[in-house]
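I opened my notebook to go through this structure one place at a time. Each entry says what I looked up and what I found.

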Amino acid sequence: MLKLYNTLTRRLDNFQPINPPHVGLYTCGPTVYGTAHLGNLRTYVFEDVLRRVLEFNRFAVKHVMNITDVGHLTSDADEGEDKIERAARALKRDAVTIARQYENEFFRDLERLNVRQPTTILRATETIALQLELIKRLQEKGFTYRTSDGLYFDTAKFPRYGQLSGQRVAEKMAGARVKVNPAKRQPTDFALWKFSPPGAKRQMEWSSPWGVGFPGWHVECSAMSMKELGEQFDLHTGGIDHISIHHENEIAQSEAATGKHPFVRYWLHGEFLILPGQRMGKSEGNMLTLDDVAKRGFHPWAFRYLILQTHFRSKLAFSWDALAAADQGLKRLWAFVDSIPEQPRIGCAEFEERFRQAVNNDLDTPQALAILHEMLRSDYPGRAKLQSLAVFDRVLGLGLTATAERPHLQPLDATTTERLSRLIAEREQARTDKNWSRADQLRHHINQLLEPHGRVLDDTSDGPSIRVR
Ligand code: AMP
Ligand code: ZN
């Protein structure tokens, strides 16, 4: 039995889908105004593991994700600028071009991390009619009111508001850190439709029964998820920052429109990746991306391995040392896998059973990895280990089968390559001159240069060559 920690019930629940073997899974997608950072990517890897564990349990998963390409304002309190229009202006490009560029980058990053594509991907700008329909339904049922800048959801009319975060409206008001829009009846109320500013034309705007404007950020997720997965569905995920506003608002809109409760049965939230002592984010100015990982010569899957070593509900303190250790660990694992001779296979049943129990216990990937290593050290024959590794890798996605295609390291950039060939030639000359101390010095220098790229200098019978560590 698969058990998952449900934010809504605040306990470990047995997972029981509404219509087995089908499972509806909705994950909040990226706001495509910049490159995804390692924190964002951690969340998508956690969601990928969830989907793989569901499939491991023989569920047929429909996985839906939105792309927020309009409407996400710089403040969660419906204030400020549209993040995408702001980025477009800064880069002097149009908003759609910017959004598509970052969307492509996002999916390229996911692919590099061996994260499977969702089965359905929808863009906010391409589902406006659907969102307008939902807003109209809410208006007809009396959940909305109008202010000078938009149409708002009245959270006082929805008594269950706060069920996900466990905060009552009054507590939220007391804790509200954001400057409250005085036109709102309650600070927790949120925009369903925002009007384009008077006298200004936005790049992305649409007409509506209330005026020209654009949808509030939360509307898209309710509209898309219900269209694709039904008015009530199984699983909804995101990072923990979404619990108290975005997901609370999704629940309020959806349940108010349909009159059905619960909108979603299991809510799962991934903890943050942090840089020790700080939170990673654009506004904090400490964004690290997958390109930074590759530039330092680390394999993107080393980052995936690092993520799996921490439970998804614990903070992950990122450091280059931790990544280097994960990189080494994964390469050792691969070397071990590749050294096992290929023979007809039967698996290590006992370890497969323990692995299943671990992942079914709230996606306990650190425990699953410990079991994997224990199996590798066991007395089972190599062929049995290979068989079980193939089973484990359906969940882990770390290229642990002998035939796995593992993406290669990024090639060295032109400047480094040029510098290296100069130093190598100089060292060869020193060796010809039998100037051994100079040759050693140069070797040390070359290896220092190679180290961040995950490579070393190797003297082979064919002469010096650079190999991956
Ligand atoms: P966004 O593109 O800002 O909508 O965020 C995409 C996803 O990344 C959401 O599910 C967020 O909850 C999640 N997220 C944002 N920051 C972090 C972080 N530091 N660690 C983990 N997940 C994060
Ligand atoms: Zn969402």
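**Entry 1: Asn 40**

Is Asn 40 buried, partly exposed or exposed? I looked up its relative accessible area and found 29%. Buried needs under 20% and exposed needs over 50%. Asn 40 therefore counts as partly exposed. I note here that the model is predicted.

Next I asked where Asn 40 sits. I found Asn 40 in helix α1. I also checked a distance to Glu 374, which is 334 residues away along the chain. The C-alpha atoms of Asn 40 and Glu 374 are 31 Å apart.

**Entry 2: around ligand 1**

I then turned to ligand 1 and its neighbours. I found 16 residues surrounding ligand 1. Asn 40 is one of the closest, and so are Gly 39, Thr 43, Asp 241 and Leu 273.

I looked up polar atoms next. In Gly 39, a polar backbone atom is 3.0 Å from a nitrogen atom of ligand 1. In Gly 239, a backbone N or O atom lies 3.1 Å from an oxygen atom of ligand 1. Asp 241 uses its side chain: one polar atom there lies 2.4 Å from an oxygen atom of ligand 1.

**Entry 3: the zinc ion**

Which residues coordinate the zinc ion (ligand 2)? I found Cys 28 through SG, Cys 221 through SG, His 246 through NE2 and Glu 250 through OE. The distances run from 2.0 to 2.7 Å. Along the chain, the donors follow the spacing C-x192-C-x24-H-x3-E. Cys 28 and Cys 221 link distant parts of the chain, 193 residues apart. I placed Cys 28 in the loop between β3 and α1. Cys 221 belongs to helix α6, residues 217–229.

I moved on to strand β4, residues 60–67. The strand is mostly covered, with six of its eight residues buried.

Which strands pair with β4? One is β3, residues 22–27, which pairs with β4 in the parallel sense over six bridges. I picked out one pair: His 22 has Ala 60 in β4 as its bridge partner. Another is β5, residues 120–123, which is joined to β4 by four bridges. β4 and β5 also run parallel. Here I noted Met 65, which stands opposite Ile 121 in β5.

I traced the path from β3 through helix α1, residues 38–56, to β4. Together they make a β-α-β unit, and the unit is right-handed.

**Entry 4: Asp 13**

I looked for Asp 13 and found it in strand β2, residues 11–14. Its relative accessibility is 8%, so Asp 13 counts as buried.

What does the side chain of Asp 13 contact? I found a polar contact with the side chain of Thr 9 at 2.7 Å. I found another with the side chain of Arg 11 at 2.5 Å.

**Entry 5: the backbone**

Where are cis peptide bonds found? One runs from Pro 20 to Pro 21, with omega near 5°. Pro 21 is in the loop between β2 and β3. Another joins His 261 and Pro 262, with omega about 0°. I placed Pro 262 in the loop between α7 and β11.

I then looked up positive phi values. Arg 58 has phi of about 65°, although Arg 58 is not a glycine. Arg 58 is in the loop between α1 and β4. Its relative accessibility is 72%, so Arg 58 counts as exposed.

Lys 92 is also not a glycine, and its phi is positive, near 55°. I found Lys 92 in the loop between α2 and α3. With a relative accessible area of 73%, Lys 92 is exposed.

Technical notes: Residues are numbered from 1 along each chain as its sequence is written. Chains are lettered from A and ligands numbered from 1 in the order in which they are written. This is a predicted model: local features need pLDDT of at least 70, side-chain atom pairs count only at pLDDT 80 or more; totals for chains, interfaces and linings use all residues. Side-chain values use heavy atoms; hydrogens and water are left out. Buried means under 20% relative accessible area, exposed over 50%, partly exposed in between (1.4 Å probe, protein chains only). Helices (H or I, at least four residues) and strands (E, at least two) are DSSP runs, numbered from the N terminus. Two strands pair if DSSP finds at least two bridges between them. A crossover is right-handed if, with the strands pointing away from the viewer, the path from the first strand over the helix to the second runs clockwise. Donors are N, O and S atoms within 2.8 Å of the metal (3.2 Å for Na, K and Ca); water is not among the atoms, so sites may look incomplete. A residue is near a molecule or strand if one of its heavy atoms lies within 4 Å of it. A polar contact is a pair of N or O atoms within 3.5 Å; within protein, one must be able to donate a hydrogen and the other to accept it, and residues adjacent in sequence count only if both atoms are side-chain atoms.
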